Amino acid sequence: MFRLEYKWLVGITFVLGLVMQILDITILNVALATLGREFEVDASTLQWVLTGYMLSLAVFIPSSGWIADRFGSKRTFLLAVVIFTTASVLCGFAGSIWMLIASRVLQGVGGGMLVPVGQAMLFRAFPAHERAKASAVLAIPITVAPALGPMLGGALVEYASWRWIFFINLPVGALTLVFTVLFLEEERRGRPGRFDLPGFVLAGAGLATLLYGLDQGAQAGWSVPTVWGSLLAAVLLLAGLTWRELSVGEPMLDLRLLRNRLFGTGNALLLCQVASLFGVLFLLPLYLQDVLHVSPFTAGLVLMPQAVAMLLATQVVSRLYGRIGPRRLLLAGFCLEIPVYLCLQLLGTGTPLVAVVVLLALLGISVGILMTPIQTAAFAQVSVAEMGHASSMYNVSRQVATALGTAVFATTLVVLTDAGGDGAPAHAQMAGFHGAFLVAVVFGLLALALSTRVRDSDAAASLDPSHPEAARAASRTGEVR
């Protein structure tokens with residue numbers, strides 16, 4: 001009788017949960033205008049539907065590793081899914097904008113634990129030399145959900161009701177719960193330590209104020225007192241967090257993990273890669289709709305090949321990683337990605353859509369090449385006991401990178417467009433897009449330089465036993481895999 005291995009059951013369960021979380025974000029973006037009309041609120045109030053969720057995520061991502069170690073990974077993941085699904089139903093029944101915002105904050109509590117805890121469970125289930133396969137599993141929801149979200153959201157809003165953008169999480173959440181209860185095993189770490197209340201407060205408040213400052217800076221401008229006040233507060237809180245977590249024996253967020261060169265470099269690569277990618281993907285729909293004047297649905301179709309190419313490339317690279325090693329894959333990926341970003345300078349007011357599709361497909365291939373080596377190498381030297389804290393740290397980096405990329409690219413677009421003057425609006429607008437696309441090149445060059453710090457020998461544990469570096473490492477330690 002056919003029976004799935006436990007590691008694949010963990011993978012399926014986490015994919016279901018991650019699809020629900022990512023779909024929720026991408027579907028909601030399409031429905032914001034409808035929500036504004038439904039509740040008769042202005043854009044500043046409506047923005048809290050997104051901001052409240054983001055800030056709630058920021059509070060619970062850093063502490064998720066400790067919570068899972070203390071109460072068990074399965075129990076914590078189950079709780080996260082229950083909270084997220086219940087909050088989704090409450091969002092769907094919201095009778096006022098404030099009830100919707102409060103329900104979104106509750107969603108963020110579940111989402112903040114769901115992703116890092118699920119990722120830690122996934123990487124524990126796969127042996128170190130098979131974690132490239134785990135990265136390939138993660139690529140499925142990360143690529144498919146953002147591509148489907150806008151189109152699914154548009155269809156639900158147009159043909160059903162905005163409430164269904166939240167109710168759709170109920171069957172997915174229920175299926176995730178069934179898989180979690182039936183198939184996942186409880187994982188408990190030996191000694192999670194006492195609850196680090198100062199670390200929890202400093203980590204949550206510091207990350208939340210940083211993300212809020214970046215988000216509002218991109219929207220309202222950087223001279224607004226609440227923006228620079230938030231960023232200043234974030235610097236002070238994060239400085240206090242660093243001092244606190246490096247001075248206690250059992251920290252809430254284990255910053256000492258960043259001292260490991262491979263894990264620290266992996267987080268830096270993630271920051272550059274996610275910031276540039278999310279920045280470009282933030283700009284391209286604006287370019288397609290504002291400059292080329294295509295419909296939102298057409299813009300979604302144009303962006304689809306990027307997701308498909310990324311998914312296919314990731315599946316191929318996950319099979320090559322163990323034999324090739326991370327270093328050459330990283331260098332190859334960035335050497336493809338940087339020219340693609342440079343080619344975005346060729347986009348103009350009359351660029352054929354097919355040219356945009358080709359560029360996006362190439363971008364998807366480059367991102368697909370990079371995703372597996374960045375993630376797999378970063379966790380290559382992380383022990384099973386450290387996995388929860390490492391996953392929390394990695395997801396903090398991802399969250400900061402997303403906000404940073406959107407803020408920097410949006411600001412560059414506005415500043416350079418305004419600097420172009422009013423004489424030729426189309427040319428001024430393209431000057432803003434071209435300047436913002438160059439920011440992606442800068443991030444790419446920085447990441448390429450960081451890639452030279454990654455050595456296959458350091459990532460030997462994540463390579464196939466037949467790889468020379470893995471064989472040398474095994475001979476030194478006397479291990480047989």
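E40 sits in the loop between α1 (6–39) and α2 (43–46). Helices here are DSSP runs of H or I with at least four residues, strands are runs of E with at least two, and both are numbered from the N terminus. The model is predicted: local features need pLDDT of at least 70, side-chain atom pairs count only at pLDDT 80 or more, and totals for chains, interfaces and linings use all residues. Residues are numbered from 1 along each chain as its sequence is written, and side-chain values use heavy atoms, with hydrogens and water left out.

Look at the backbone of E40. Its phi is near 55°, a positive value in a residue other than glycine. Most residues other than glycine have a negative phi. E40 is also exposed, with a relative accessible area of 73%. Exposed means over 50% relative accessible area, buried means under 20%, and partly exposed lies in between, with a 1.4 Å probe and protein chains only.

H293 has a positive phi too, near 60°, and is not a glycine. H293 lies in the loop between α12 (261–291) and α13 (296–324). Its relative accessibility is 63%, so H293 counts as exposed.

Now turn to S230. This residue belongs to helix α11 (residues 225–247). S230 is buried, at 12% relative accessible area. Leaving aside residues up to four places away in sequence, S230 touches T209, Y212 and G213. Contact means heavy atoms within 4.5 Å.

Next comes the whole chain. The protein chain has 18 helices and 0 strands. Its radius of gyration is 22 Å, close to the 23 Å that the globule rule gives for 481 residues, so the chain is as compact as a globular protein of that length. That radius is taken over C-alpha atoms, and the rule is 2.2 Å times the number of residues to the power 0.38. The C-alpha trace spans about 70 × 55 × 50 Å along its principal axes.

How much of the chain is buried? Buried residues make up 55% of the 481 residues. Contacts reach along the sequence as well: among those between residues at least 6 apart, 82% join residues at least 24 apart.

The surface comes last. The protein chain exposes about 19700 Å², and carbon and sulfur atoms supply 69% of it. These areas come from the Shrake-Rupley method with a 1.4 Å probe; for residues, only the protein chains shown count as cover. The chain has 29 positive and 26 negative side chains, and the centres of the two sets lie 10 Å apart. Lys and Arg count as positive and Asp and Glu as negative, while His and the chain ends are not counted. Each charge is placed at NZ of Lys, CZ of Arg, CG of Asp or CD of Glu.
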